[in-house]
Amino acid sequence: MTTQTKRPDGRKPDELRKIIAKVGVIPNADGSALFAFGKTLAIAAVYGPRQLHPQHMQNPSAGILRCNYDLLSFSVAERKKPGPNRRSSEISKAIQWALEPALYLDSFPNQVVDVQVYILQADAGTRTAAINASSMALAHAGIPMKDLVCSLAVGKIDKTIIADLTKEEEDFKEGEGATDFAMAKLANHNQFTLMQMDGKISPAQVKEALELTEGLTKEIFEAQKKALKDLIEEQGDEK
Amino acid sequence: MNDEITKASEASSDDFSSDAKRKIVVPGEIIISGEDFLPGEGTRREENNIVASKFGLAEEAGRVVKIIPIFGAFVPRRNNVVIGRVTDITHAGWLIDIDSASSGFLPIEESPRFINRNEMDQYLAIGDVISAKIWTVKNKGIDLTIKGKGLGKLDDGFIFRIIPSRVPRVIGREGSMVNLIKERTGCSITVGQNGWIWIRGHSLEAEIKARKAVEIVADKVHVNGLTEKVESWFEENE
């Protein structure tokens with residue numbers, strides 16, 4: 001790996017953007033969290049467990065998870081037409097599948113846990129920020145979980161593996177072009193729950209990318225853990 | 001009513017044992033390693049470790065390690081006393097909103113006296129607030145009863161909400177906390193397990209004071225010796 005590649009924002013190849021993590025941002029939700037990778041900012045709200053309607057979706061043996069991802073119209077440079085579209089439906093499903101393995105929903109038959117994620121500002125890696133925010137919000141809502149889910153995008157511009165791409169890097173056209181490889185992993189288990197890729201990459205470099213992700217998810221987990229613990233410590237303090 | 005509260009709080013943790021070691025844990029975090037411990041509520045065993053399944057405070061009570069949740073929606077259980085609001089009247093009873101996943105139903109037979117089916121709203125009208133006990137929790141819904149001491153329609157006063165998982169703290173060990181607040185303010189207080197609290201006092205000031213005291217208790221999540229703190233708060237604000 002050529003470590004001397006200059007990235008547009010001056011980061012090292014394996015360096016994440018600045019992370020902001022905060023829990024308890026929406027008082028009316030049962031659980032909520034905010035997560036930001038640099039300029040990408042996601043806010044997640046969890047409602048439930050609550051009764052599921054329509055009834056035909058109910059599962060009598062376990063609760064279900066329902067995610068909705070929404071890229072707000074002002075979050076991108078060119079105004080996006082509001083409302084669901086093909087892309088957001090796909091990402092909603094991907095988020096749902098990334099989070100499901102981390103949850104224990106057996107004790108909530110016929111019920112649903114709703115996760116609502118809004119992207120307030122988009123600068124690539126919105127689905128990964130959404131997963132990180134949702135995972136914190138689910139923990140905040142008191143849902144039994146196997147683990148927190150940490151997610152990030154690893155990519156490749158030309159021949160160099162880099163972490164946490166920005167939009168500018170994603171649009172890189174020279175040489176081999178850009179590859180965007182979004183992943184989610186259970187923080188303390190060796191289990192990946194999301195793998196999506198755009199572009200091309202050699203098998204050897206996939207290995208390299210996975211190793212990089214493994215190291216960086218620890219950093220994300222620490223940020224999530226700190227945000228959750230800060231919330232209790234704040235409330236315990238004398239006012 | 002006090003009997004009910006006592007029963008409800010026995011199952012919950014108490015704030016006041018100073019020897020209990022507490023730490024904040026997130027899901028997936030190892031609480032303790034070794035074969036000597038047993039996983040309690042909110043935890044599980046993974047190989048040699050006791051691992052957290054919930055976000056909350058981990059506590060070792062003897063050999064059992066459990067998690068006291070501090071956030072989360074209300075999960076109804078049998079015999080819970082809850083406070084609810086009448087949302088609809090059907091031919092068989094009243095529909096009660098108890099702020100949980102499924103709504104509660106109070107059958108007409110479960111009221112302590114005879115009620116004319118044509119004049120059900122004379123007894124409980126839409127919008128009335130009641131304290132009730134959960135009789136059964138089934139897939140179809142929750143059945144309530146108001147047969148029992150201290151249950152029934154709540155007149156006057158006001159209700160407000162706290163986070164349901166903080167209710168055991170507000171009640172305290174064998175009702176000590178809520179009794180302290182009742183004594184100091186002279187208010188009648190009913191604490192529902194669903195986090196709704198009803199207060200009625202002789203004056204508005206007393207009611208507001210009682211509400212403030214309850215909110216202080218609900219806010220201070222991991223403070224030891226909370227009863228003394230509340231007592232000194234009352235002295236300061238005499």
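Trainee: Why is strand 16 (residues 196-200) of chain B described as largely enclosed by the rest of the structure?

Mentor: A word on conventions comes before the answer. Residues are numbered from 1 along each chain as its sequence is written, while chains are lettered from A and ligands numbered from 1 in the order in which they are written. This is a predicted model, in which local features need pLDDT of at least 70 and side-chain atom pairs count only at pLDDT 80 or more, whereas totals for chains, interfaces and linings use all residues.

Now to your strand. Strand 16 of chain B is largely enclosed because four of its five residues are buried. A residue is buried if 20 or more other C-beta atoms lie within 10 Å of its own, exposed if 12 or fewer, and partly exposed in between, with C-beta atoms placed from the backbone. Strands (E, at least two residues) and helices (H or I, at least four) are DSSP runs, numbered from the N terminus.

Let us look at the partners of this strand. Two strands pair if DSSP finds at least two bridges between them. Strand 14 (residues 158-161) of chain B pairs with strand 16 of chain B in the antiparallel sense, over four bridges. There, B:R161 is found opposite B:W196 of strand 16. Strand 15 (residues 188-191) of chain B also runs antiparallel to strand 16 of chain B, and four bridges join them. In strand 16, B:I197 has B:V191 standing opposite. Strands 15 and 16 of chain B form a hairpin with four residues between the strands, where B:G195 takes a positive phi near 90 degrees. As background, strands of a sheet pair through backbone hydrogen bonds, either parallel or antiparallel.

Elsewhere in chain B there is another set of strands to find. Three strands form an open antiparallel sheet in the order 2-5-4. Strand 2 (30-33) and strand 4 (43-46) of chain B are its edge strands, each pairing on one side only. From one strand to the next, the twist averages 25 degrees. Strand 4 of chain B and strand 5 (residues 49-52) of chain B run antiparallel and are joined by four bridges, with B:T43 opposite B:A52 in strand 5.

Next, a pair of helices. The axes of helix 4 (residues 176-185) and helix 6 (residues 226-236) of chain B come within 10 Å and cross at roughly 10 degrees. Axes here are lines fitted to C-alpha atoms, for helices over the stretch in contact, and angles run from 0 to 180 degrees between N-to-C directions. Helix 4 and helix 6 of chain B are therefore roughly parallel to each other (angles under 35 degrees count as roughly parallel, over 145 as roughly antiparallel, 65 to 115 as roughly perpendicular and the rest as oblique). Helix 4 of chain B brings B:S176, B:M177, B:L180 and B:R184 to the contact, and helix 6 of chain B brings B:T227, B:V230, B:E231 and B:F234. Two residues are in contact if their C-beta atoms, placed from the backbone, lie within 7 Å.

Finally, step back to the whole chain. Chain B has six helices and 16 strands. Of its 238 residues, 43% count as buried. The C-alpha trace of chain B spans about 65 × 50 × 25 Å along its principal axes. Among contacts in chain B between residues at least 6 apart in sequence, 61% join residues at least 24 apart.
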